[in-house]
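Let's take a walk through this structure together. Keep the sequence and the 3D view side by side as you read.

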Amino acid sequence: MAPPVKQRRIPSVLLVLLIAFLAVVGLTTVPVAAQSPAAQAQKYLVAGERAARANQWEQALAAFQKAHQAKPSGATAIRVANALYQLDRLSEAQQAYRTLLDAYDKTLFNKDKTTARKRLEELNGKIGSLTIRVSEKGATVLIDGTPAGTSPLAAALQVPVGDHQLEVKKGGFRSYAKTVKLTPGAPVTIEVLLQELAAVGHIKVTAAGDEALTVLIDGSEVGPVPYEGQLEPGSHQIAGTSEQLEAPAQTVTIEAGELLDVVLEAGARTGTLEVRLTDEVGTILVDGTQVGKGSFQGRLPAGAHTLRVTREGYEPFEKTVKVVAADVHVETVSLQKATSGDAQAEQEEGDWTFDGLYGGLQLGAMFLPTNTGHTLDTACDTTGATSCDGGLPAGATIGGFIGYAFAPLGFELLVLGGADMVEPTASFDGTTGSDINPLVAQPEREEEFIIGRFGAGGALRARVLVPIDRFRLSGALGAGLAYRHMILGRTVTASDGREAETSDGGTGYLTPVLSFELSAQLRVSGSAALALGFNLWLEHAGNDMKTAAEGDVMLTKDGQLPHPLATPAYDMATGTQLYMGPFLGLQLGP
């Protein structure tokens, strides 16, 4: 009996490993199958359609192009062409529709075929054909600044109709530029002949008039005008000179192979005057015109000139100096202090500028020529009085301002405070009263009022100054805000000797203001001036500045019975308030 055959069993560990290997292989093959060209194309088509519906045509074009690369077809090609059309990339869209109809005419849907043919016909009317032949190989061709290829170009360029800027560039050759006009159905051919650059430039120098000038190039004389010659590429100084005239140097830049025309403008020959002050303080004038402070260096016409140097508290220096053409004259000046016998040290001439920080103070009087609009001035009848005297409002102001100037205009902040008072009166005859309110005519009496007002305000103003020797005229105008508080006092004296007094703490108002100033100034030192001027201040009190009516006021006198006294509400001010008056001030600064 043969021994039994033993069956081999696969160890359990190996079985587990085999199952795991098969699982991994199966999993890795799934993505490969999912990434087939057709699946990739479908994925990009879906993304492109989503972008197209959102009018995001750049993203749609990119997706459709990827779909076409993954699996070219009429469906992908028509979408690429449509996206280019929507992006107004006309030349590319035209080529895409042509390629579509050539390659996929038999497989396209009728709808897509109709769209492609219709748009191709439209684009053919919008695009012209431009053939460019360049004499040199390797030249860069640009259309409207965008590179279109390198010469020789393989085919004609398809460019939208209209005007375009053609440029052709190559190192060592002069650049070519031309405006090209393209029309539908009319091909254009441009022959470009590039010219090799020369190693030097060519210059031609002439004079604007008939002056016989000698031409100087970089400081060296090269001959009379008209002059022609060659120059190394780069920057050069071109000037002209003669015994009486001089043409200032012009800086020109010339390139290799360039022809450059230079016209010289000749004027009187000049020299240089340099003035140095030993302590660098003082005002320098040449021929009556201020040219500097502390020091000066400048070009002047050749000949004699009057040099004057002034400084407050010092004797003025004056001298005639001779300036020689193409030469430098140096004058060192040491000013001497003014002697005590002088009535007044000469002010620095031309030194009253109006640049920099300035400020000032003002004290003034104020009047209200149109009164304040109080009840006794505008509505006497309503009080029952036989007659009223409105009085004349008057007061005083104090103010200051600070600003910064850029001659002749300055900008400043004004702060102004003030108080004014008016003393109106009312007479009652005890019999007739007024037509409006006859019941309060009794008793016969005189009423005296004091209406006081005080407050402050500010305004931003612009100032203009006009200097006239040691004097100058100044005007300022601006707007701002102010606050006023008003009080009223009343004293009543009856014909029988009975008396009464009332008062009201009043009320206040906030108002926009308009400020105007006109003044004349007298300079008393280098940085101070006295000012005499006129101020105008316009504000509005509104219609609610009333006192409170009172019903318990009595006229009294020892030994007599009290008598009731009518005390209505009084308007202390109404409407527009116009202040005006003179002022005396001091301005500091330039």
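**A guided look around**

A polar atom in the side chain of Asp-389 lies 3.1 Å from the backbone nitrogen of Gly-391. That counts as a polar contact, meaning a pair of N or O atoms within 3.5 Å; within protein, one must be able to donate a hydrogen and the other to accept it, and residues adjacent in sequence count only if both atoms are side-chain atoms. Before going on, note that this is a predicted model, where local features need pLDDT of at least 70 and side-chain atom pairs count only at pLDDT 80 or more, while totals for chains, interfaces and linings use all residues. Residues are numbered from 1 along each chain as its sequence is written, and side-chain values use heavy atoms, with hydrogens and water left out.

Let's stay with Asp-389 for a moment. You'll find Asp-389 in strand β24 (residues 387-389). Strands (E, at least two residues) and helices (H or I, at least four) are DSSP runs, numbered from the N terminus. Asp-389 has 46% relative accessibility, so it counts as partly exposed; buried means under 20% relative accessible area, exposed over 50%, and partly exposed in between (1.4 Å probe, protein chains only). Setting aside neighbours within four places in sequence, Asp-389 touches Pro-424 and Thr-425, where contact means heavy atoms within 4.5 Å. Thr-425 is 36 residues away along the chain, yet its C-alpha atom is 5.2 Å from that of Asp-389.

Now for a sheet. Four strands line up in the order β3-β2-β5-β6, making an open, antiparallel sheet. Two strands pair if DSSP finds at least two bridges between them. At the edges stand β3 (146-150) and β6 (176-182), each with a single partner strand, so one side of each has no neighbour in the sheet. Between β2 (residues 140-143) and β3 there are four bridges, one of which pairs Ile-143 with Thr-146.

Four bridges tie β9 to strand β12 (residues 234-241), with Thr-214 partnered by Thr-241. Another four connect β9 to strand β10 (residues 220-224), and here Ile-217 sits opposite Ser-220. The hairpin of β9 and β10 has two residues between the strands, and Asp-218 takes a positive phi near 55° there.

How many salt bridges does a search of the whole structure find? It turns up 23, each being a side-chain nitrogen of Lys or Arg within 4 Å of a carboxyl oxygen of Asp or Glu. Glu-49 and Arg-79 form one of them, with their closest N and O atoms 2.5 Å apart. Because Glu-49 belongs to helix α2 (residues 37-53) and Arg-79 to helix α4 (residues 74-86), this pair ties together parts 30 residues apart in sequence.

Asp-163 comes from strand β5 (residues 162-169) and Lys-181 from β6, 18 residues apart. Asp-163 is exposed at 51%, and Lys-181 is exposed at 56%.

Last stop: Glu-517 and Arg-461, joined by a salt bridge of 2.9 Å, N to O. Glu-517 is in strand β30 (residues 499-525) and Arg-461 in strand β28 (residues 445-468), so the pair links parts 56 residues apart in sequence. Are these two buried or exposed? Both Glu-517 and Arg-461 are buried. They also belong to a network of salt bridges that includes Glu-412 and Arg-463.
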